Amino acid sequence: MSQADFVVVANRLPVDRDDDGGWRRSPGGLVTALEPVMRKAEGAWVGWAGKPGLDLEPFDFEGTHLVPITLSAEEIQNYYEGFSNDTIWPLYHDVIAAPRYRRVWWDAYVDVNRRFAEASADAAAEGATVWVQDYQLQLVPAMLRSMRPDLTIGYFHHIPFPAYGLFSQLPWRRQVLEGLLGADVVGFQRVADAGNFARAVRRQFHYTTKASGITVPLEDGSTRNVLAKAFPISIDAESYIELAQRPEIQARAKEIRESLGNPKTVMLGVDRLDYTKGIRHRLKAFGELLQDGKLSVEDATLVQVASPSRERVEAYIQLRDEIELTVGRINGDFDTMDHTAIRYLHQAFPREEMVALYLAADVMLVTALRDGMNLVAKEYVASRIDNRGVLLLSEFAGAADELGSAIRINPHDIGGMKDAIMRAIEMPGAEQGRRMRSLRRRVLEHDVSDWSKSFLEALATAKR
Ligand code: GDG
């Protein structure tokens, strides 16, 4: 079997299966970011192919060696929907929903993490670099290190890492920390996440933690250094600019506004339908503005794309019901024959349509209660080649650390959010331009290839 000098390990492979059994590259940002690195290094990617029970041999796809991991329907339920999305996800997002701690889920998480580690150990050449992605695979770094001490191992955590007071609820907190400490570099979105991780390590193991790294004692009396640091992820900004410049996408943006009855202001929310995104809070603020008579449906329409997500997890089923009830009530109270309050779309759209929406929106609402980064905020900014539009951004999204020129909001403060929405709607063009230019500068300078480059450089240095 061929072995690679660079291996990415992620829950999902970077491809989706067509109906006719062929493969298509998935549209995600991580895939785009790593593509050049993968090509150059003739890299391998270990991940699940996205369907239960699918048992496939490794194969090559557009210059990348793909190593599919088989997961049974039961493992998907326990490892993925259970432990990853119903234990870790809510716990790490500050228990917005109650995490469920179930031992059978944990057992499956351990088993599946081991399978990923074994496949990665097989795929990696002597002295290779392996980059593990995200919270579904927190045990892989240490498992892999014990199988293959010759490897350089990086791990990037895409979601928040919670404060110790919350993290310590986890019955398997020591195992998870040990798993992550198997990496040479553990990357986080925000400085605060890296700090929370270091604190958890201090509290659990009493290791020394400094900016230069965490000192992990080894059995033979020597030590290893583990760098825990923020590497804020970004987007492929150029590709958004290219889409925003296309005449047909600009025409589509105009068409969207017309189909909404040309309201003075179009507001937009784009989220996976997830309780971390603060969709209910946003709807409440907008509904109250209509109720108060501060806005009318002729003045303002909210377009809310809520793309389907984790539809078999109970908390998501409930959330969908609540949101759809709220949307129905607001529209029922305020719609006219010609105008709607909220155009709600529980659908996924192609990227072209997303950019047309970004161009059509005067105000972008990012009201997450907790979010690792929030790429939607960066996509909106990159798409605004006209330097117009206003971004409302929750301080609880990682993006808030970088995007200081957005209007910052606390989504729990409904009154404050209503004021911020009115301020955004009324913002003069000159101020919009000043803010948008500064936001765009940041996103264009720190794009996703900058992110992967700085992580991989830190990793190369760490091991030296
Ligand atoms: C996790 C962390 C972190 C959404 N609907 C459609 C669609 N999308 C795209 C967006 C964006 C992506 O999905 C969502 O990324 P976010 O960053 O906003 O949020 P999560 O999915 O929760 O991602 C997050 C991220 O990982 C990366 O580290 O920023 O904090 O939670 O790109 O545009 N894309 C298309 N159609 C849709 O309907 N094409």
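## Domains and ligand shell

In this predicted model, 20 residues of domain 1 are in contact with 24 residues of domain 2, contact meaning heavy atoms within 4.5 Å. The chain is divided into domain 1 (4–233 + 449–463) and domain 2 (237–446), with bounds that come from an automatic or database domain assignment. The model is predicted, with local features needing pLDDT of at least 70 and side-chain atom pairs counting only at pLDDT 80 or more, whereas totals for chains, interfaces and linings use all residues. Residues are numbered from 1 along each chain as its sequence is written, and side-chain values use heavy atoms, leaving out hydrogens and water.

The centres of domain 1 and domain 2, taken over C-alpha atoms, are separated by 31 Å. Between them the two domains bury about 1,800 Å², of which 54% is on carbon and sulfur atoms; buried area is the accessible area (1.4 Å probe) that two parts lose on being put together, summed over both. Of the area that domain 1 buries against domain 2, Trp89, Ile96 and Arg190 supply 35%, more than any other three residues.

Because both domain 1 and domain 2 give residues to the shell around the ligand, the ligand lies between them. The ligand is surrounded by 21 residues, the closest being His158, Phe349, Asp371, Leu375 and Glu379, where a residue counts if one of its heavy atoms lies within 4 Å.

| Backbone N or O atom of | Distance to a ligand oxygen atom |
|---|---|
| Gly372 | 3.0 Å |
| Met373 | 2.8 Å |
| Asn374 | 3.0 Å |

Taken alone the ligand exposes 730 Å², and the protein buries 81% of that, by the Shrake-Rupley method with a 1.4 Å probe.

Notes. A polar contact is a pair of N or O atoms within 3.5 Å; within protein, one must be able to donate a hydrogen and the other to accept it, and residues adjacent in sequence count only if both atoms are side-chain atoms.
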